[in-house]
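Thanks for sending this one over. Here are my notes, for you to read with the model open beside them.

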Amino acid sequence: MFQQYQLPYAYDALEPVIDATTMETHHSKHHATYTATLNKLAEEAGVLDQDITSLLANLNQISDEKLRNGIRNNGGGFYNHNLYFSIMAPACESAPTGALKEKMDATFGNFDAFVEKISALATGQFGSGWAWMSVTKDGDLVLSNSANQDNPISLGTGNTPIFAIDVWEHAYYLKFKNLRAAYVKEFFKVVDWKKVGELYEAACK
Ligand code: MN3
């Protein structure tokens, strides 16, 4: 069984950046549905015992096209939101530190340059999707975006995502309406960089 990430903070904890109704709907409806559907499809496909990263990295093992597409979309939805919700925390002026800060500065120049680059990917993603920072097999940082619930794993890059911005309208529409760029700008106020740093160090091992 795939277990949905449980929030260690309340639905209203990210106010005023992300409103409580958006958080509750996003977690208890959207993410819960992806998780339940993934469990149903994975059972049908006989892959319920696999961990989500190897399942998404090896979608071709599922011969039935309908099941494969369903697992790609709902498995992506399950994995992507587990990461997204886990790297958010109540506004705390958090910033990258330690090994992650050094690597980000070496890769992007400085934090503001990183924000600019990933914001362009997030706002530039046509339609629903995500923006990512991932760690390559060589320990380098790369930025990307993807459509729907695809991610660097299901797209076969071999990279490990450590930072995600959800740019589906359900992530921001109640508060920000059509203004995706405003949501993306505010999002950085609720990023838990300590957690992203832990994911970076784990991915580099
Ligand atoms: Mn979402």
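This is a predicted model: local features need pLDDT of at least 70, side-chain atom pairs count only at pLDDT 80 or more; totals for chains, interfaces and linings use all residues.

1. Every value here is computed from it.

2. Which residues coordinate the manganese ion? The ligands are H26 (NE2), H81 (NE2), D166 (OD) and H170 (NE2), at 1.9 to 2.1 Å. Along the chain, the donors of the manganese ion follow the spacing H-x54-H-x84-D-x3-H.

3. Next, have a look at S128. You will find S128 in the loop between helix 5 (111-124) and strand 1 (129-135). Is S128 buried or partly exposed? S128 counts as partly exposed because its relative accessibility is 28%, and the buried class is kept for values under 20%.

4. What does S128 touch, leaving aside residues up to four places away in sequence? The contacts are S146, A147, N148, V167 and W168. For A147, the C-alpha atom lies 5.9 Å from that of S128, although the two residues are 19 apart along the chain.

5. Finally, the strands. Strand 1 and strand 3 run antiparallel and are joined by six bridges. Strand 3 (residues 160-166) is mostly covered, with six of its seven residues buried.

How values were computed
Residues are numbered from 1 along each chain as its sequence is written. Side-chain values use heavy atoms; hydrogens and water are left out. Donors are N, O and S atoms within 2.8 Å of the metal (3.2 Å for Na, K and Ca); water is not among the atoms, so sites may look incomplete. Helices (H or I, at least four residues) and strands (E, at least two) are DSSP runs, numbered from the N terminus. Buried means under 20% relative accessible area, exposed over 50%, partly exposed in between (1.4 Å probe, protein chains only). Contact means heavy atoms within 4.5 Å. Two strands pair if DSSP finds at least two bridges between them.
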